[in-house]
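Have the structure open as you read.

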Amino acid sequence: MTAYVVMIREKMRDEDAFKDYAAGARAARGDHPITPLAFYGPHQVLEGAAAEGVVILSFPDMDAARAWYDSPAYAEARAHRYRAADYRVLLVDGV
């Protein structure tokens, strides 16, 4: 069943570190079966906390999403994201 990674950027703290994250995240895609559905495009917050940016990635299933998220390449990129900005990241199983 399709699974989705939803990344919500709440606050940017370091744009240079974010550039490092972006480059590392691109490289971490590797041969993982990722389909981007939304990528920092215009959005409207209808309820809840503000969001500076939103990314939605589709994967064939939860295992594929976890394989990407837990991969050494993405773990290295994530370290830059932790320094760059505050995020909420969700893994959601589709219906």
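Leu 90 counts as partly exposed, because its relative accessibility is 42%; that label covers values between buried (under 20% relative accessible area) and exposed (over 50%), using a 1.4 Å probe on protein chains only. Bear in mind that this is a predicted model, where local features need pLDDT of at least 70, side-chain atom pairs count only at pLDDT 80 or more, and totals for chains, interfaces and linings use all residues. Residues are numbered from 1 along each chain as its sequence is written, and side-chain values use heavy atoms, with hydrogens and water left out.

Arg 9, by contrast, is buried, at 12% relative accessible area. Here are the two together, with strands being DSSP runs of E, at least two residues long, numbered from the N terminus.

| Residue | Relative accessible area | Strand |
|---|---|---|
| Leu 90 | 42% | strand 4 (residues 85–93) |
| Arg 9 | 12% | strand 1 (residues 3–12) |

Leaving aside residues up to four places away in sequence, Leu 90 touches Tyr 4, Val 5, Val 6 and Ile 8, where contact means heavy atoms within 4.5 Å. With that same exclusion, the contacts of Arg 9 include Phe 18, Tyr 40, Glu 52 and Asp 86.

Now for the pocket. Which residues lie nearest the centre of the largest pocket? They're Ala 22, Ala 25, Arg 26, Phe 39 and Leu 57, out of 14 lining residues; a pocket here is an open set of points on a 1 Å grid where a 1.4 Å probe fits, with protein on both sides within 12 Å along at least five of seven lines, and lining residues have an atom within 4 Å of a point. Helix 1 gives the most to this lining, with 5 residues.

Technical notes
Helix = DSSP H or I, 4+ residues; strand = E, 2+ residues; numbered from the N terminus.
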